[in-house]
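Visitor: I would like to learn how to read a structure such as this one, feature by feature. Could you show it to me and take me through it?

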Amino acid sequence: MNSGAIVEFQQVQFAVGERVLLADLNFAIAAGEFLVLLGRSGSGKTTTMKLINRLITPTQGQVLVQGRPTTEWNSIQLRRQIGYVIQETGLFPHYTVEQNIGLVPTLQRWNPKQVKARAHELLDLVGLEPGKFADRYPRQLSGGQRQRVGVARALAADPPIMLMDEPFGALDPITRVELQQELRQLQRTLGKTIVFVTHDLQEAFTLASRIGLMDGGRMVVLGTRDEFQRSTHPEAQAFLKTLQVVDAQ
Amino acid sequence: MPDEAPKTWNDFFLIRYGGEIAQRALEHLFLVAVAVAIAVAIGVPLGILITRKPALRQPVLVVANVLQTIPSLALFGLLLPVPIIGGVGRVPAIVALTLYSFLPIIRNTYSGIMNVDPAIREAGRGMGMTQWELLQRVELPLAIGVILAGIRVATVINIGIATIAAAIGAGGLGYFIFRGISTIDNDLILAGAVPAAGIALIADAAIGWLERRLTVSSSATNR
C-alpha cells in the first residue's frame, strides 16, 4: 500500500444487479491532494465519490480510508470524518446558517458555546460576516453565499478529507471563479484532502492537483494538468476540445 | 335576525339548550380528542415505518383505505358484538373514530417524509447523521406541515362522524340530533348540528394556523 495515501481504491467494482456502474478502479489519493473527478453525466464520478464515505459499498474490491476498508469503519464515524458538500440544496432549510454549520459538532455533542464559536470562526474563514449571516436562513442567501455556508459546514468538525459534488454547478460564472479561487486557497492553507466532482474542464484545471477522467464507469486518465493535456485518450481529447471552442472565437 | 326568529331571545335554541349544549359539546370534544390522539400515536409511527419498509406500504395503506370506506353507522353497528373494544358507550365510539382517523394521518406522514428533498436527506446521511437523527432533526421538522394537514382532516371528519356516536350511547352533540329527529323538532336538531359545525370550523382554523406556523418554506420568497 502507498504509505502517503489517505484514500485508496483497490480493484473496485460497483454494480446494481446486472448493471456494472464502476469497474477496475485502482488509484490512491495522497494526503493534501486536490483530486478532481472529471467526466460527463453518467460517467460514474459521483458514484465513485460516494464509495469514499460509504454512501455506497463496493460490490467487489475495497476502498481504504486512512488505511482501513470502509466496510470495517462504523459508517457514521467515517462520515463524520469526511466533509461533504453537494449542490446548493444540501443546506437544511429549517436551520439557520449557524445551526447548519454547527450540525456535525452538535451531533458530536460539543457544548453549545463551542459550536457557536466554531460557526462564527468558519463564517469568517469563508468570507461571510458572522454578525450579519449567522441568524439567516438558507432561503435568505444568494447562491454563492449558500455555497460558502456549505463549505463552512463541511469544515466544521475539521475533517481531514472533503468530498465536493459539483458544488459550484448552479452559480453564475463570476461567482464560480471567485469561489474556485478561494477554495484552492483554503485547501492550501488548511492542508485538506479534497475530492471534487465536476463536468467542467476549466474548473478542473483551476482546482486540481490531479485530474481523474471518468468514462463509462472507468478511470481512463489520471494525472496532472500537463499530463492530462498530453493525453491521447479520445475522451480527454473531447474534453480538451471544449476549451478550444472558446479559444477559436 | 331573520323574520322567523323566535319571539324572545330565551326561545332561541342555542340559548334555550345552552347549558346542555355546553355539556354535550365537551363530551363530543372528548371523544374526538381521545380518538385523534390515539390515531396520531399509532398512525404517525406507522407512516414513518412505511417510509423505511417499502414492502409494508401497500398493505398498510390498503387497510387504512378500506377502514375509511366503511359507512360510519355500519361501523358502529359492526362494533356492537365485539368484546372489550365493542358494545355501546364511549369505548366503541372512540375505537370507530380512531379507525377513521388512520388514513389521513398515515398517508400524510408518509408523503410528508417522502417529499423531503432527497438532496437534503443525502446531505444529512453524508455528514454522518444516524437514521434516528435524520428523522428527528430533518425529516419530521420538514414534514410537520403535511402531517398536521392530515391531523386536521382527521379531526374535522371526526367531529362530524362523532355526532353519530350518540346512536350507541356515547353522548356528544349527536344526542340532540337523534332526539330532534325522533320528536321532529328542528330546533333540537340545530342545537346539535350548529355547535358541531362551529367546533369543526374552529378546530380547522386552529390546526390550520399551527400548520402554517410550523411549515418550513424553502423557497427564496423572503429574500
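**Reading the two chains**

Guide: Read along its sequence, chain B follows the pattern α-α-α-α-α-α-α-α-α, with nine helices and zero strands; helices (H or I, at least four residues) and strands (E, at least two) are DSSP runs, numbered from the N terminus. This is a predicted model, in which local features need pLDDT of at least 70 and side-chain atom pairs count only at pLDDT 80 or more, while totals for chains, interfaces and linings use all residues. Residues are numbered from 1 along each chain as its sequence is written, and chains are lettered from A and ligands numbered from 1 in the order in which they are written.

Visitor: Which residues of H9(B) are buried?

Guide: An α-helix has 3.6 residues a turn, so residues three or four places apart point the same way. In H9(B), the buried residues are B:Leu188, B:Ala191, B:Gly192, B:Ala196, B:Ile199 and B:Ala203, where buried means that 20 or more other C-beta atoms, placed from the backbone, lie within 10 Å of the residue's own. Their cover includes H1 (13–16), H2, H7 (131–161) and H8 (174–182) of chain B.

Visitor: At what angle do H2(B) and H5(B) pack?

Guide: Axes are lines fitted to C-alpha atoms, for helices over the stretch in contact, and angles run from 0 to 180 degrees between N-to-C directions. Helix H2 (residues 18–52) and helix H5 (residues 90–114) of chain B pack at about 35°, with their axes 6 Å apart. The residues of this contact divide into 21 nonpolar, six polar and one charged; Ala, Val, Leu, Ile, Met, Phe, Trp, Tyr, Cys and Pro count as nonpolar, Asp, Glu, Lys and Arg as charged, and the others, Gly among them, as polar.

Visitor: In what order do the six strands of the open sheet in chain A lie?

Guide: Two strands pair if DSSP finds at least two bridges between them. In chain A the order is S6-S7-S8-S3-S9-S10, with mixed pairing. Strands S6 (82–85) and S10 (218–223) of chain A stand at the edges with a single partner strand each, so one side of each has no neighbour in the sheet.

Visitor: How many residues does each chain bring to the contact between them?

Guide: Two residues are in contact if their C-beta atoms, placed from the backbone, lie within 7 Å. Chain A gives 18 residues and chain B gives 22 residues, and on the side of chain A that touches chain B, H2 (75–80) and H4 (103–107) of chain A each supply at least two.

Methods. A residue is buried if 20 or more other C-beta atoms lie within 10 Å of its own, exposed if 12 or fewer, and partly exposed in between; C-beta atoms are placed from the backbone.
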